[in-house]
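Welcome! Here is a friendly walk through one protein model, for anyone meeting it for the first time.

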Amino acid sequence: MPTNEMQSPLDLRQIESFNLSIKKELSKALLNMGYGHFGGCLSVTETLACLYGRYLKHDPQNPQMKDRDLFVLSKGHAGPALYATLALRGFFDLSWLQTINANGTNLPSHADMNKTPGVDMTTGSLGQGISCATGMAAGSKSNVFTIVGDGELQEGQCWEAIQFAAHHKLSNLVVFVDNNKRQLDGDISDIQESFDLQKKFEAFGFQSLAVDGANVGAICDVIEQALATTDRPTAIILDTVKGQGIQTVVNISANHHLRLDDELRAAIETDIALLDKKIEELK
Ligand SMILES: Cc1ncc(C[n+]2csc(CCOP(=O)(O)OP(=O)(O)O)c2C)c(N)n1
């Protein structure tokens with residue numbers, strides 16, 4: 001897999017600041033809506049910051065650039081995390097985030113390639129994104145990155161895609177698993193155990209790596225391992241916490257989708273102020 005030489009890469013401090021800014025902007029957008037998928041948006045921001053800050057070949061001025069790398073948010077309900085990333089990267093104005101899911105918006109709650117500059121695949125029906133990403137990797141020389149949920153992997157079609165990718169040795173495909181141990185209605189281990197995801201991907205023929213999904217430096221290291229691999233696809237199992245970065249959300253066990261009352265809103269606003277402080281310290 002060739003590495004990206006076209007964009008000016010951010011250093012680790014900048015990537016961490018980018019990550020915190022994504023958390024802040026997506027949280028502000030969901031506060032504005034009054035509801036949203038807080039938990040599963042917040043658990044993927046570190047990975048998005050690494051990809052869009054350093055590794056993904058892209059051009060915000062030309063979202064359809066021909067030889068760009070491709071990104072598929074297979075867990076499409078985390079759309080607001082991707083939108084905050086794209087806005088901060090310059091694909092569109094930050095003010096668009098205030099229109100998420102509104103009538104006529106370019107930012108529907110789930111990702112839509114026909115509406116949003118920078119979105120490479122429409123997703124939301126779990127299982128379909130990783131299948132599309134695999135087909136895109138088979139049909140292109142570009143690198144294709146996708147993020148799937150651990151709950152999403154209960155969809156059988158994911159494993160068809162994984163088997164196909166391994167058989168065709170799609171070394172330009174990187175599958176991140178947001179292993180936050182929760183799905184919509186509870187703990188994965190209560191609903192349908194994932195067992196050892198790293199071993200499962202390895203058994204299918206992937207290079208299979210595990211990493212702390214809250215540590216941007218560690219995530220960059222495993223992405224580099226993936227980019228250096230030329231004989232098979234890579235899976236990166238992200239050890240994450242649903243809601244990570246906004247403690248109020250972490251503390252709520254049923255944090256998949258929150259509807260805000262005044263108390264919750266005030267608590268999240270306090271957490272956003274803490275993020276602001278950290279962002280300031282990183283300057
Ligand atoms: C095919 C399909 N079935 C059900 C849903 C409804 N749904 C949206 S998110 C979700 C839970 C997914 O869990 P996970 O992939 O672990 O996401 P995370 O916890 O990281 O947000 C479900 C069941 C859907 N979007 N698509």
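## A residue in helix α9

Ala226 lies in helix α9; helices here are DSSP runs of H or I with at least four residues, strands are runs of E with at least two, and both are numbered from the N terminus. Ala226 counts as buried because its relative accessibility is 1%. Buried means under 20% relative accessible area, exposed means over 50%, and partly exposed is in between, using a 1.4 Å probe and protein chains only. Ala226 and Thr240 are 14 residues apart along the chain, and their C-alpha atoms are separated by 19 Å.

## How to read the model

Please keep in mind that this is a predicted model, in which local features need pLDDT of at least 70 and side-chain atom pairs count only at pLDDT 80 or more, while totals for chains, interfaces and linings use all residues. Residues are numbered from 1 along each chain as its sequence is written, and side-chain values use heavy atoms, with hydrogens and water left out.

## The whole protein

The protein has 11 helices and nine strands. Its radius of gyration is 17 Å, close to the 19 Å from the globule rule for 283 residues, so the protein is as compact as a globular protein of that length. That radius is taken over C-alpha atoms, and the rule is 2.2 Å times the number of residues to the power 0.38. Along the principal axes, the C-alpha atoms fill a box of roughly 50 × 45 × 40 Å.

Of the 283 residues, 57% are buried. Among contacts with a separation of 6 or more, 76% come from residues 24 or more positions apart; a contact means heavy atoms within 4.5 Å.

## Surface and charge

The protein exposes about 12,000 Å², and carbon and sulfur atoms supply 48% of that area. Accessible areas come from the Shrake-Rupley method with a 1.4 Å probe, and for residues only the protein chains shown count as cover.

There are 24 positive and 35 negative charges, and their mean positions are 3 Å apart. Lys and Arg count as positive, Asp and Glu as negative, while His and the chain ends are not counted. Each charge is placed at NZ of Lys, CZ of Arg, CG of Asp or CD of Glu.

## The annotated domain

The UniProt record, an unreviewed entry, gives the annotation "domain: Transketolase N-terminal" for residues 33–263. UniProt positions are given in the numbering used here, feature names are shortened, and annotations may be inferred rather than shown by experiment. In the model, the end C-alpha atoms of residues 33–263 lie 16 Å apart, and the span is 35% helix and 16% strand.

## Two buried residues

Gly213 is found in the loop between β7 (207–212) and α9 (216–227). With 0% relative accessibility, Gly213 counts as buried. Setting aside neighbours within four places in sequence, Gly213 is in contact with Glu46, Ile219, Leu238, Asp239, Thr240 and Gln244. Leu238 is 25 residues from Gly213 along the chain, yet their C-alpha atoms are separated by 4.5 Å.

Val174 sits in strand β4 and is buried, with a relative accessible area of 1%. The C-alpha atoms of Val174 and Gly124, 50 residues apart along the chain, are 19 Å from one another.

## Residues in other loops

Between α6 (156–167) and β4 (173–179) runs the loop that holds Lys169. Lys169 is not a glycine, but its phi is positive, near 50°. Its relative accessible area of 55% makes Lys169 exposed. Asn101, in the loop between α4 (79–89) and α5 (128–138), has a positive phi of about 65° although it is not a glycine. Asn101 counts as partly exposed, at 33% relative accessibility.

Ala254 belongs to the loop between α10 (247–250) and β9 (258–259). Is Ala254 buried or exposed? At 58% relative accessibility, Ala254 counts as exposed. Ala254 and Ala81 are 173 residues apart in sequence and, from C-alpha to C-alpha, 19 Å apart in space.
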